[in-house]
Amino acid sequence: MEEKTDRDKMILGLLEFWFGDVNLRLDQFLRSKIKARPDGFVDIASLCTFPKLRALNVTPEVLKAVVLSTVTAGSEVIEPSKDGLSVRRKQPLPAPLPPGSTTVVMGPITSTVPHQKIKEMFRHF
């Protein structure tokens, strides 16, 4: 079995964050993509247009390999389609936050800041 590179781990971390409960309570764009298909899958080609993945020069082929590796990595958040061309949450969508809910915005954050670093900054909240 191939060992994951730091880049692959970063990509998987981004996917797990984006498809995770915290993000999907606010992310109307990705929620709409998930709801667009009855099976909840989102095409990896669409995900490759996300700025953080574009900044990492992630191609659909690279993303497919990372998505398919979630089977062996045992991701608790996402699962690939059988052909590896799309990905979905393992659990049903969480309820969105009610209107007027408070969110924290921080910036500027460049696309090179690792997702794990951002998570560490907010771990006490």
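## A cluster of rings

Welcome! W18, F29 and F50 are joined into a cluster by ring pairs. Rings of Phe, Tyr and Trp (its six-membered ring) count as a pair if their centres lie within 6.5 Å; planes under 30 degrees apart are called stacked, those over 60 edge-to-face, and the rest tilted. This is a predicted model, in which local features need pLDDT of at least 70 and side-chain atom pairs count only at pLDDT 80 or more, while totals for chains, interfaces and linings use all residues. Residues are numbered from 1 along each chain as its sequence is written, and side-chain values use heavy atoms, with hydrogens and water left out.

The structure holds 2 aromatic pairs. In one of them, the ring centres of F29 and F50 are 6.0 Å apart with planes at 55°, so this pair is tilted. The two residues are 21 apart and link distant parts of the chain: F29 sits in helix α3 (residues 28–35), and F50 in the loop between α4 (44–47) and α5 (51–55). Helices (H or I, at least four residues) and strands (E, at least two) are DSSP runs, numbered from the N terminus.

Is each of these two Phe residues buried, partly exposed or exposed? Buried means under 20% relative accessible area, exposed means over 50%, and partly exposed lies in between (1.4 Å probe, protein chains only). F50 is buried, because its relative accessible area is 11%. F29 has 48%, so F29 counts as partly exposed.

## The nonpolar core

A nonpolar core is a set of buried Ala, Val, Leu, Ile, Met, Phe, Trp, Tyr and Cys residues joined through side-chain atoms within 4.5 Å. The largest one here has 21 residues, and those with the most contacts inside it are L15, W18, F19, L30, L47, L53 and L63. Two or more residues come from each of α1 (6–18), α3, α4 and α6 (60–73). Helix α1 gives the most, with 5 residues.

Which residues does L53 touch? Leaving aside residues up to four places away in sequence, L53 is in contact (heavy atoms within 4.5 Å) with I11, L14, W18, L47, C48, V58 and L63.

## Salt bridges

Side chains of opposite charge can pair when their charged atoms come close. A salt bridge here is a side-chain nitrogen of Lys or Arg within 4 Å of a carboxyl oxygen of Asp or Glu, and the count comes to 4. In one of them, the closest N and O atoms of D21 and R89 are 2.8 Å apart. This pair, too, links distant parts of the chain, from D21 in helix α2 (residues 21–24) to R89 in strand β3 (residues 86–89), 68 residues apart. R89 is buried at 9%, whereas D21 is partly exposed at 37%.

R37, D39 and D43 are linked in a network of salt bridges. R37 meets D39 at 3.1 Å, N to O, and R37 meets D43 at 3.0 Å. R37 is partly exposed at 30%, D39 is partly exposed at 33%, and D43 is partly exposed at 41%.

## Paired strands

Two strands pair if DSSP finds at least two bridges between them. Strand β3 pairs with β1 (residues 42–43) in the antiparallel sense over 2 bridges, and V42 has V87 as its bridge partner in β3. Strand β3 also pairs with β2 (residues 78–80), again antiparallel, over 3 bridges; here E79 has R88 as its bridge partner. The hairpin of β2 and β3 has 5 residues between the strands, and in this hairpin G84 takes a positive phi near 75°.
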